[in-house]
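Subject: Structure handover

Hi there,

Here is the structure I promised to pass on to you. Please have a look at it first, and then read my notes below.

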Amino acid sequence: MIATLFIISLPFLSNAFSQDYTLWGLPDGAKKRIGKGYITGNIVFSPDSSHLAVPSSIGIWIYNIRTGEELNLLTNNMGFIGSIAYSPDNKTLVGSSASEFYLWDVDSGKLKLTISAHTDDISDLTISPDGKLIATCGNYKDESIKLWDSVTGRLINKLLGHSDDVYNIAFSPDGMTLASGGEDEDIDTVKLWDVNTGELKSTYNSGTLASEVNVVFSPNGNTLGISRGRWDAKIKLWDVTSTSLRETLIGHIGGIGSIAFTPDGENLVSGSLDRTICLWDVNNGSYLETFVEHTDDVVSVAFSPDGNTLATGSMDGTIVLWDAKNYQKKYKITGHYNRINEFDFSPDGKTIVSGSKDRTVRLWDVATGINLNTFLGHNSPVSSVVFSPDGQTIASGGDYGSTIVGWYSDDFSIKLWDVVSGEIKRTLIGHYSDIYNLSFSMDGSILTSSSAGDSILWDVKTGNPLWTLGGDNKNPMGSITFSPDGNTFITWGRLGIQFWDLNTMQQIPTYTGIPLGYAYGVYSPDGRTLAVSGGNPEVYLLNISTGLYETIQTENKGRYIITAFSVDGKTLATAGFPNDNTIRFWDLENNEHKYTITSNPDQVYQLTFSPDGNTLATTGNGGVIYLWNFPFAIEPPTHIADINRDGVVDYNDLVLVAANFGKIGENRADVNGDGVVNIADLIAVAAAINVGNAAPSILITMPNLNAESIQQWITEAQILNNRDPITQNGISYLEQLLKLFTPKMTTLLPNYPNPFNPETWIPYQLSEPSDVTIRIYASNGKLVRNIALGHQQPGLYHTRTRAAYWDGKNELGEPVASGLYYYTLTANEYRSTRKMTIQK
């Protein structure tokens, strides 16, 4: 009974030992990837409508249309994939990266052919309807269109006519005409070419300033749909024969990310930077309907060839599959979150927090790569994140970035988050430009933040600023780093390195002699050495006691050199930023180069060692986090209860045992070796866990664990009636673990996201068995929706799999209007109300 219940709640773990996409396509030396990379172009269906291909910043992802399951990741260490296309016979998938394009065998996933096509980046590619030709077009340094033999890769023709960028190309359904959208003398133009002769047939001149022109033929080839990307919210339908404008579709308030005709040609769908999807009647140009599901720019829309499914992709990291007959949502694919700007390990090393371009703060489980929770509250990209020393608080800083309609806004606030509940504990306001560095003091009482103009030291308890350093944009103080003993800190930036006494806030005489203008400083773990780097390939190892330094010639490339000390202080890792994809390790006893790993194709923006010293984590322009085996870490012997072989026995091993309940034969989850995975194996794992360190508070955000499952494990273990020390220790641990999932008070928590459109989750926690109901009211007090959740056991209902869900509709199934709403939780005698906002 336990096995059935638990496996149902963990569908993604049923093939945990065979299908782990976080291990696919890794660079040599990497052991895991967090994130799938952001969507970089139009998603496409396979000709048989069975698969969906998604171009991303790290390769091409292949999904099963029926289940949404990841099937493959096609990479060749080329990284960013721009455009993709299936051959009509479903045997070949073509993708572009930089100035090359690649052909993969669909069945095997093997790379068949690589073609160096243009002298600048390829902006688009497509395959002719008969599958014989591949067309590519180039950016402004190579504004040509080229036609290639799809089998041999031989260049057949080169079409010249655009004087600047060519953004997009499309074959007509009969394959006789090629349309191209581009620029001529800074004006938008669309050209039609004869495919056989290469001659220019006609040109549509929009008369408007150049932008990212997108062209799509209708299924009958009579109409050409044209959109202009970020800078124009209109869509134009042109008659191909008469070259006259038929209709102008007006309805979006943001630029157009992508357009697609329905397979029958009767309708057109558009995805916009205003985060909406619109349906249009092609015959008369009338607006039909708007679908709202995404929370960021919609950059791709595509219909399956059989006409049954619509796919929409967004910079919010999701792909939504819709029923193309009634436009009801089928399911959502997640994980393609926008670029990660910065990350930090939790003090116990089991969790990573990331701040991203998509305005989110996310928590990730290091062992599994699972996104544990997402915190929403910033209005622009999150540029910096850091854990407090006790792991209970996360600080995040805002940046400058785009808003809902493609305009730009700023959010230079700092937010302090409660790690467990995801609530914003405090918002700190004081900077007037991008916040690019946050740091807690060793005791967690002070938070420092740095921007282009100044650095501020904040009292964490009160949220008040204690000191402000700098304030002159021409001569700022730069970022702050605390010494390991907590008594001093350094400022590093354009003024070089400066030392400060934290108690007196007086500057300590600056060490001289290091030939740097801009400086970046990192303390060694013992606080005796400072690694100083700047705008050249050297790293200077400064002895803080003597003021003397030694020099390492790193040979890294890039404008700046970034560094990280290993936990034992014996090794220094270096990387160049930007334009360097190598990480070099240096023996600090002899200042000798020890080892180099290549993060190809990802350039390295950040280096961080895990608290246990066994893992190096990096992030770069691919927008993901790579976890690398540190080649000089001493590997401890593997414990038999370490099921996932991550070097520690913890709750993740409990989860894997439960996911394998009932399986027979050879299995790592069969800890006691009796040939079957059952409760006895789970108890053996529980007994092996160090109780004092095994259950940090971050556990309660894990979707894989809940109080009901833990209680059932305890009950099953007690039924065994074994009095041996292993069983008793295992039960004792589970009982302590259960306490973390049993709150002392029933509480209604803030919904997330908020504001939202159209769906939100309402978290809460129960201290006793309760009949639970959530009622949603309009601002005038009228009941909008009654959500009866039934009788529930004590526990935490925080995650999306357990929290209450509201789809933004009333009792009649109608979407409600934008505005302020109230939600009330009733659980036995408990009653509490909070506010939420729908923003459309």
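Leu52 has Tyr63 in β4 as its bridge partner. This is a predicted model, in which local features need pLDDT of at least 70 and side-chain atom pairs count only at pLDDT 80 or more, while totals for chains, interfaces and linings use all residues. Residues are numbered from 1 along each chain as its sequence is written, and side-chain values use heavy atoms, with hydrogens and water left out.

Strand names follow DSSP: helices (H or I, at least four residues) and strands (E, at least two) are DSSP runs, numbered from the N terminus. Strands β3 and β4 (residues 59-64) run antiparallel and are joined by six bridges; two strands count as paired if DSSP finds at least two bridges between them. On its other pairing, β3 meets β2 in the antiparallel sense over two bridges, with Val44 opposite Ala53 in β3. The hairpin formed by β2 and β3 has five residues between the strands, and Ser49 in that turn has a positive phi of about 65 degrees.

How much of strand β3 (residues 51-56) is buried? Five of its six residues are, where buried means under 20% relative accessible area, exposed over 50%, and partly exposed in between (1.4 Å probe, protein chains only).

**Nonpolar cores**

The largest nonpolar core holds 34 residues, and Leu52, Val54, Ile319, Leu321, Ile583, Phe585 and Leu607 touch the most other members. Strand β56 (residues 604-609) gives the largest share of this core, three residues. Apart from it there is another core, of 30 residues, including Leu654, Ala669, Leu682 and Ala717. A core here is a set of buried Ala, Val, Leu, Ile, Met, Phe, Trp, Tyr and Cys residues joined through side-chain atoms within 4.5 Å.

Leaving aside residues up to four places away in sequence, Ile319 touches Leu52 and Val54, among others including Ile39, Ile43 and Tyr331; contact means heavy atoms within 4.5 Å.

**Phe489**

Phe489 sits in strand β45 (residues 488-493). Phe489 counts as buried because its relative accessibility is 0%. Its contacts, not counting residues up to four places away in sequence, include Leu457, Leu469, Ile480, Phe482, Phe499, Trp500 and Met505.

**Salt bridges**

The whole structure has 15 salt bridges, each one a side-chain nitrogen of Lys or Arg within 4 Å of a carboxyl oxygen of Asp or Glu.

- Glu70 and Lys36 have their closest N and O atoms 2.8 Å apart. The pair links distant parts of the chain, 34 residues apart: Glu70 is in strand β5 (residues 70-74) and Lys36 in the loop between β1 (30-34) and β2 (44-45). Glu70 counts as buried because its relative accessibility is 18%, and Lys36 counts as buried at 2%.
- Arg785 and Asp807 form a salt bridge with closest N and O atoms 3.0 Å apart. Arg785 lies in strand β63 (residues 783-792) and Asp807 in the loop between β65 (804-806) and β66 (819-827), so the pair ties together parts that are 22 residues apart in sequence. Asp807 counts as partly exposed, at 22% relative accessibility.
- Asp232 and Arg228 also form a salt bridge, with the closest N and O atoms 3.0 Å apart, and both residues are buried. Salt bridges that share partners join Asp188, Arg228, Asp232 and Lys234 into one network.

Best wishes
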